[in-house]
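Please read these notes with the structure open beside you.

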Amino acid sequence: MLNKRFKSSEITSTGSCPLDCNYCYIPKTEMMESMHDEIVEYVRSGDWVDVIDENFQNLTAFSLWGTEPLLTLEDVEPHIRELKDRFPELELVQFSSSFCVDPTPIKSFKETLDELDIDLGVQVSADGQYTEVNRMEGATKLIKQNLHKLAEVLDTDLKLRWKSTIGTDNIKDMVENPEEIDKFFEYFEDIEKELEDTHLNFVGGSPNPTLVVPGKYTSENGKTFAKYLKLLREKGYKSTYTSRLQRCQKLAHKIDRKPFIFTCAGGDSNLGIDMDNIHLCHRTYYFDREEYRESLRQTDDYDNWDVSLLEEGILDMMNKWYIPSGDTTRFEYVLRNYHDYFKMKLDITKALLREFAECGQAEEIYKDDETLRETLALFLHTSMSCPVENLLNTGTMHIHPVSMIRLWCNGAFQELLRTIK
Amino acid sequence: MNFEEENNQLGRNFMQRMYFDEYAKPYDERRRDATRIELQSSYKCNLNCKYCYVVRHGDKLYPEVDDETIYENAERIMDWMIENGYVANYEIFSGEPLIKDVNFRILGMILDKYENEERKPDCIQIPTNMTWIKNEDFKNRVVDLLDRSREENIPIKLSMSIDGKYCTDNRPPITFTDEEYDELFTMAKKYEFGYHPMVYSEEIENWKKNWNWFQEQFRKHNLPMNNIYLLEVRNREWSKEQINKFAEFLEYIIDWTNERVDDFVDYMYSDGYNMLRSPFTTHGRGVGCSIQSTPQIRLADLALTMCHRTSYDEFILGKFDEDMELNIFRPELLIGHTIFNQERQPMCEKCMINKLCTGQCMGAMYEYTGDLFSPIPNVCRLEFKKIATLINKYKEIGVLDSIKLRSNDATKVQIENMEKIL
């Protein structure tokens, strides 16, 4: 049984997706179709309810992950009642969708949740005008159509939240053509306007796009990103990173006592389930399947994925140490060492910043300005914490990938600081 | 530059500043730590020591290659060093090096290469289990090398990995006869070898007897009584009872030493035993072992590793290519492991003895926890007991105040905090 601080769980509910987004963290291989069939069987069986029950002492939130959760929503629905029976405090179910498949199963799913007094949170993944290039040709239109289709069948209000991701090409395009920034935000505003008299309620305001993480960012990418943030500021748009920095600023005094409030929920209060195995989060789904790992090893085209060190044993390490089956004592101990301590993490990021500056991959100021190094290190570890990406890229949870550091130390972080001054 | 090229530049720039630029300087002008390179030759060994990481994980740490590849790669490293004007002390490491033909060839090649060079390494260091003494052919080859290396002014120094007569059960299957031990100590005297036995949980109850045996041999062969580097094996398997026995052993050697020296504290800080001294001294690195001061190259494939115990595929930092260009692909881990301070590791950052603790081995932590930086709780118990025992015993024999005077403020505070709770 897991520690009682774990109150949120997620399961892998699909192995298939109609899209092949150029930044997706799940590399698509041919194996996935056969895995999908197996996963569907598992989801239908409801065995996952038992697995959650065996491992969690309490559960307040539950989410569906994998590739496209809408594909199996009808298979999950019959088991939600049983989950609520076992965990009466369950109050929230969530998933993200590309809305590129039929969304109408949401209607019945939501009705079931309403009966059980459980909130439903749905994220709509869309990247503004870049959805076409990032995700799939025709996706922009399809998302709109499907949102309208869902609005037509719904009888009760449903809260939706935008989730958008942009990559280096998108950022470069917006920097070279600043009017594209306006178009990006207009895309979402237009859809919201079209649907304002329906049961679809968009919450959380306009989407503040997040970056592809950890990406393979160069110092040139960092400089372009700094220009993008400057343009955002001048145009009066707020970046999601401004809010994160403000939170960091507001709560920094708590880092010594409660570092876990700054780290990702993955492995702190939330864990994933896939078959009988426990996952740090959805990011490691499928890695415990030898046939999938083997198919990854045989794939030499990693264009759609940002981690290319697979052949070096990283996946085997993940599978051996970070996807436990059975006793989780050691796993939980190591997770606490990530979430409850911060000094070494900051030290190493500060040293990396200094080294970046020494070889011209960061602004000169990072050579001598200890305070700036410390502030950026604090921002990265409190606002962009991802233990799994750290593991995949550096071999340890405690070291941030150079890609993200490089993105921020070429003017972007100073630009961000200006937004809160 | 693309992402990979920038990563490579970042890592190479670091290696250049930290090590290679230093190797181009005379020894006396270098940063104190930048003197060594470890060459991991082969992990094969004729012993099966109970605590050894090679026995447990060797197949994952070193790729299977033929000896010719190991030799050729060693030669490429030597050529690269000499062409670039770099000089460093070499360590030939892991398994038992002196029962393998390839290592004799490598050592001969190194001596040949530097024969006419103006700048030479200060020494070549080799940890060895000394079992070659049982084989006349190997023994003659070792002695020839030792003699030649001294003639060439690049002395090969052996660090004798022998646990002592009363702990041999930890190192099956080969044992030494009394005559062979005599021969070992005679060689140690002649060539100035040091001993580095491993203080392990099993047989810990024999260590007082073992200590007396070592000292008896030192006296017999006119070796100094401090010709021994004691290191507790920081693996997870220490039981409470064994930890208590370890503490008794520490008390024993403190009393033993105190009876034999005029000024215990002076002796401890100048010549004395590392195990009794290291908690109360500072070193210039973030961790006590050489992982932060010695680049380590796996000769099988010219991979740059953190150390011999962490050379798993997932932690390979970079590799030399065909043209001997060093390509770094894990700059985060390269820089991170080199600069971190054990006092600020997870768990340790809030530990009350973090300035006194010897710290833990990154390889052992990974082997047990799956994380390079997560301390093994059982080893924390061992280290806590060690510190507590030393403080209590030093107080008892009346030297603690003197030790506090020689300690920095932060260390002194932790000693005093420990005094309050003990």
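1. Two strands pair if DSSP finds at least two bridges between them. Helices (H or I, at least four residues) and strands (E, at least two) are DSSP runs, numbered from the N terminus. On that basis, strand S1 (residues 36-40) of chain B pairs with S2(B) in the parallel sense, over five bridges. Arg36(B) has Asn89(B) as its bridge partner in S2(B).

2. A word on the model and conventions. This is a predicted model: local features need pLDDT of at least 70, side-chain atom pairs count only at pLDDT 80 or more, and totals for chains, interfaces and linings use all residues. Residues are numbered from 1 along each chain as its sequence is written, chains are lettered from A and ligands numbered from 1 in the order in which they are written, and side-chain values use heavy atoms, with hydrogens and water left out.

3. S2(B) also has a partner in strand S3 (residues 124-128) of chain B; the two run parallel and are joined by two bridges. Here Tyr90(B) stands opposite Ile124(B).

4. How well covered is strand S2 (residues 89-93) of chain B? Five of its five residues are buried (under 20% relative accessible area, with exposed over 50% and partly exposed in between; 1.4 Å probe, protein chains only). Asn89(B), Glu91(B) and Phe93(B) cover one side, Tyr90(B) and Ile92(B) the other.

5. Now the interface. Contact means heavy atoms within 4.5 Å. By that rule 38 residues of chain B touch 43 residues of chain A. The two chains bury about 3700 Å² between them, 58% of it on carbon and sulfur atoms. Buried area is the accessible area (1.4 Å probe) that two parts lose on being put together, summed over both. Phe3(B), Glu332(B) and Arg344(B) supply 18% of the area that chain B buries against chain A, more than any other three residues.

6. Four salt bridges cross the interface of chain B and chain A. The rule asks for a side-chain nitrogen of Lys or Arg within 4 Å of a carboxyl oxygen of Asp or Glu. Glu4(B) and Lys216(A) form a salt bridge at 3.0 Å, N to O. Helix H1 (3-23), helix H11 (331-339) and helix H12 (362-369) of chain B each give at least two residues to the side that touches chain A. H1(B) gives the largest share, nine residues.

7. Last, Thr240(A). Its place is in helix H10 (residues 240-251) of chain A. Thr240(A) counts as buried because its relative accessibility is 14%. Leaving aside neighbours within four places in sequence, Thr240(A) is in contact with Asn208(A), Pro209(A) and Thr210(A).
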